[in-house]
Amino acid sequence: IGQDWMQIANDMLSCLMIAVALIVVAVPEGLPMAVTLALAYSMKRMSRANNLVRKMHACETLGATTLILTDKTGTLTQNKMKVVDSNITDDSYLKYNILGNSTAFIEGDKTIGNPTEGALIRHLNVSQAGVDILREECKPVYREEFSSKSKYMLTVIMRGDRYIGLIKGAPEVVEGFCTEVPLDVDATTQQYRGRRVIGFAFKVTDTLEDAASLTGYNYNGYMAIEDPIRPDVPEAIRAAKKAGIKVKIITGDNPTTAIEIARQAGLSDSPQGMAGIDMRNKSNPYDSVTGISTIDVFARTKPEDKQTLVTEFQALGEVVAMTGDGTNDAPALNHAEVGIAMNNGTDVAKEAADIILLDNSFPSIILGVKWGRSLYKNIQHFILFQLTINVVAILIACVGPFIGVNLPFTVVQMLWVNLIMDTFAALALATEPANDAVMEEAPRDPKAFIITKDMWWEILGKGLIFFLFLTWLLIGEKVSLSYFFTIFVLLQWWNLFNARVFGQKRSIFDGLLKNPAFIGISLVILVGQFLIVQFGGDMFRTEPIPLNHWGLLIAGTSVVAIFRELKYQISKIF
């Protein structure tokens, strides 16, 4: 009787251990590690694509973006400003206006400060010594800095006992401060050509208060500055459109200038623009929230307009990525799903952003989107692989006793399987490089469940096929348990290659050599299985398998990958 109780206790202990092993296998504890690895790897690779990720979640969120609200200067354009035309009818105090009414400095080919001011200083063609002399002559006694709200900069200097007011900024703003504007200095033609136009004006008075007042100025004329579009921007815009991502420009520039840049960038053959004041006044074409969806360019905007646009596009269901560089852009950057700060932006903007664009270039954002989408795919592929093993392993372990096999897998074998599907699979699939094919798909629904209908069919369908085949091997003991264990692992090993390209129209060999980590980890799994079976002995309940049988087992189980490859090749034909 004592021996019977001992046997019962041993059986109960074995069942308990198997139950614990099944729980360990069933719970996808490797998922957090896979997600973290995929995010960390994507962060590293995105930094090489000039996307410095400050917040890890932004890697994946950028891939779900449906709308990019981008600045114009330096992002779509080269930020290499040069004066290409001018119409100056009165050059009185113009040099003082350019040099004294400015905070920029020139160091070789670089501009320290505002690039527009740098272009104006270079246009004077004055040596650095000459610049210093002129600035010494026109030290300011009063100044109003340029802002995106006011659209002008005002400086008052003294010459003898007279005060000279110097003002520069948007032509339509500066002209409003002038007593008279010549008819032949209309800047509209320049703006239609996509150029930034700066108007100049001056006033000589006896008092500082009069010089600082915004009336009675004399108009000098204007200078037209060209900032060429980045040559790779049109292709990036086409890639964004192909990926189902809308792009809209938000800028403080004149609407005519911004619309021309939008046309050159390829946003539309006839871009639709709207001024910030129309948006604030809720006037046409902004007659409702939905009215903004038809607008390509938002010009003459204030910083607070950016946050308004982010909020209202989100109300339309868009996942918004927003670029910005100024301190006042911080609220909009923080409110967008993905805030992207320029590398030359303020510290406040960078702190509020999720990603810092190291080269300030729009095409780098599109590269970031590709990595974000590929990251999400990699996580899906890991889940697919892991759940397929879960389904098969749990069904086999549960059904085994009913067909006369009490322990199809031992606890140690189950832990090895768990190591394969958690640690090794996470490492292998998380390091898969970005795939261009993801940019041909529409943005995913951020609210959708990560396991798609196709994934469920793959998990349950393939899992059932594996289960039926392995159960058939167990019935009547067609193979030993060492062979059975090896066949089970090899089936999953080949399925790892299938999971890598699941849902993508490409061969399992496509890009394989570009991921040495995947190849290395696959070999580790194969060699590890070989060592366990050949030398595991009682610990793993295995017996050595002849080497020629290993070749047959690997070749036989390869039908898993061969079937998928044939299916792909046939789809290419038909």
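In this predicted model, Q492 touches F385, T388, I389, V392 and F466, leaving aside residues up to four places away in sequence. Q492 itself sits in helix 19, which runs over residues 481-500. The residue is buried: its relative accessible area is 2%, and the cut-off for burial is under 20%.

In total, the structure holds 14 aromatic pairs. One of these pairs joins Y41 and W371. Their ring centres lie 6.2 Å apart. Their planes meet at 65 degrees, so the pair is edge-to-face, given that angles over 60 degrees fall in that class. Y41 comes from helix 2 (residues 30-48). W371 comes from helix 16 (residues 362-399). The pair therefore ties together parts that are 330 residues apart in sequence. W371 counts as buried, because its relative accessibility is 9% and the limit is under 20%.

F200 is placed in strand 10, spanning residues 196-205. Its C-alpha atom is separated by 7.8 Å from that of P171. Along the chain, F200 and P171 are 29 residues apart.

At the level of the whole protein chain, 23 helices and 17 strands are present. The radius of gyration is 34 Å. The globule rule gives 25 Å for 574 residues, so the chain is more spread out than a compact globule. The C-alpha trace spans about 120 × 45 × 40 Å along its principal axes.

Burial and contacts were also computed for the chain. Of its 574 residues, 52% count as buried. Contacts between residues at least 6 apart in sequence were then sorted by separation. Of these, 71% join residues at least 24 apart.

The accessible surface of the protein chain comes to about 26,200 Å². Carbon and sulfur atoms account for 60% of that surface. The chain carries 52 positive and 59 negative charges. The mean positions of the two sets are 4 Å apart.

Methods
Residues are numbered from 1 along each chain as its sequence is written. This is a predicted model: local features need pLDDT of at least 70, side-chain atom pairs count only at pLDDT 80 or more; totals for chains, interfaces and linings use all residues. Side-chain values use heavy atoms; hydrogens and water are left out. Helices (H or I, at least four residues) and strands (E, at least two) are DSSP runs, numbered from the N terminus. Buried means under 20% relative accessible area, exposed over 50%, partly exposed in between (1.4 Å probe, protein chains only). Contact means heavy atoms within 4.5 Å. The radius of gyration is taken over C-alpha atoms; the globule rule is 2.2 Å times the number of residues to the power 0.38. Accessible areas come from the Shrake-Rupley method with a 1.4 Å probe; for residues, only the protein chains shown count as cover. Lys and Arg count as positive and Asp and Glu as negative; His and the chain ends are not counted. The place of a charge is taken as NZ of Lys, CZ of Arg, CG of Asp or CD of Glu. Rings of Phe, Tyr and Trp (its six-membered ring) pair if their centres lie within 6.5 Å; planes under 30 degrees apart count as stacked, over 60 as edge-to-face and the rest as tilted.
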